[in-house]
Amino acid sequence: MDNSIHARSHQAPEGNREFKPIPSNGICTRLGDKWTVQVLWRLSLADKRRLRFSALKKEIDGITQRMLTLTLRNLERDGLVVRHYFPEVPPRVEYELTDMGTGVLDALEGLNFWIRENLPTIEEHRHAYDKAEQ
């Protein structure tokens, strides 16, 4: 197995880009949390990719108001979402994906396909490991 990993690391992937993990910068942690990808995905499905806070909360099963607020703030801080404030009575706030937000979803799509393709095998390995541990 070591040889296959070592051998593949010298092959240049498509577009002459080589995979090299980037030191921790919080992005992977953000994308790996429970809510971020769901918020991005819901915004990508919205008409004109904009949704009001209340609509997002309604569409994401189990998310609390506090977690949605924190997730949206972090996404806005990272430049993946933009917040539109309308000073009406009552005030209206809408959230929209940026081009970078759309781009991260495009990048995650490949990972999602890989998971779908490999999940049955992963579950078999988990089952065998758990059985051996008993």
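Biologist: Let's start with one residue. Leaving aside its neighbours within four places in sequence, what is L72 in contact with?

Modeller: L72 touches V39, F53, L56, V81 and Y95, where contact means heavy atoms within 4.5 Å. Bear in mind that this is a predicted model: local features need pLDDT of at least 70, side-chain atom pairs count only at pLDDT 80 or more, and totals for chains, interfaces and linings use all residues. Residues are numbered from 1 along each chain as its sequence is written, and side-chain values use heavy atoms, with hydrogens and water left out.

Biologist: Which residues have the most contacts inside the largest nonpolar core?

Modeller: They are V39, L40, L43, L56, L72, V81 and Y95, in a core of 21 residues. A nonpolar core is a set of buried Ala, Val, Leu, Ile, Met, Phe, Trp, Tyr and Cys residues joined through side-chain atoms within 4.5 Å. Helix 3, helix 4, helix 5, strand 3 and helix 6 each give two or more residues to this core. Helices (H or I, at least four residues) and strands (E, at least two) are DSSP runs, numbered from the N terminus.

Biologist: What makes T98 count as buried or exposed?

Modeller: Its relative accessibility is 19%, and buried means under 20% relative accessible area (exposed is over 50%, partly exposed in between; 1.4 Å probe, protein chains only). So T98 counts as buried. T98 sits in the loop between strand 3 and helix 6, and beyond its neighbours within four places in sequence it contacts G79, L80, V81 and V82.

Biologist: In helix 3, which residues are buried?

Modeller: T36, V39, L40, L43 and S44 are. Seen down the axis of helix 3, these fall within an arc of 135 degrees, so they line one face of the helix. The arc is that of the directions from the helix axis to the C-beta atoms.

Biologist: At what angle do the axes of helix 3 and helix 5 cross, and what is that arrangement called?

Modeller: They cross at roughly 75 degrees and come within 10 Å. The axes are lines fitted to C-alpha atoms, for helices over the stretch in contact, with angles from 0 to 180 degrees between N-to-C directions. Under 35 degrees counts as roughly parallel, over 145 as roughly antiparallel, 65 to 115 as roughly perpendicular and the rest as oblique. Helix 3 and helix 5 are therefore roughly perpendicular. T36, V39 and L40 of helix 3 meet L68, T71, L72 and L75 of helix 5.

Biologist: Where does P90 lie, and what kind of peptide bond joins V89 and P90?

Modeller: P90 is in the loop between strand 2 and strand 3. The bond is cis, with omega about -5 degrees.
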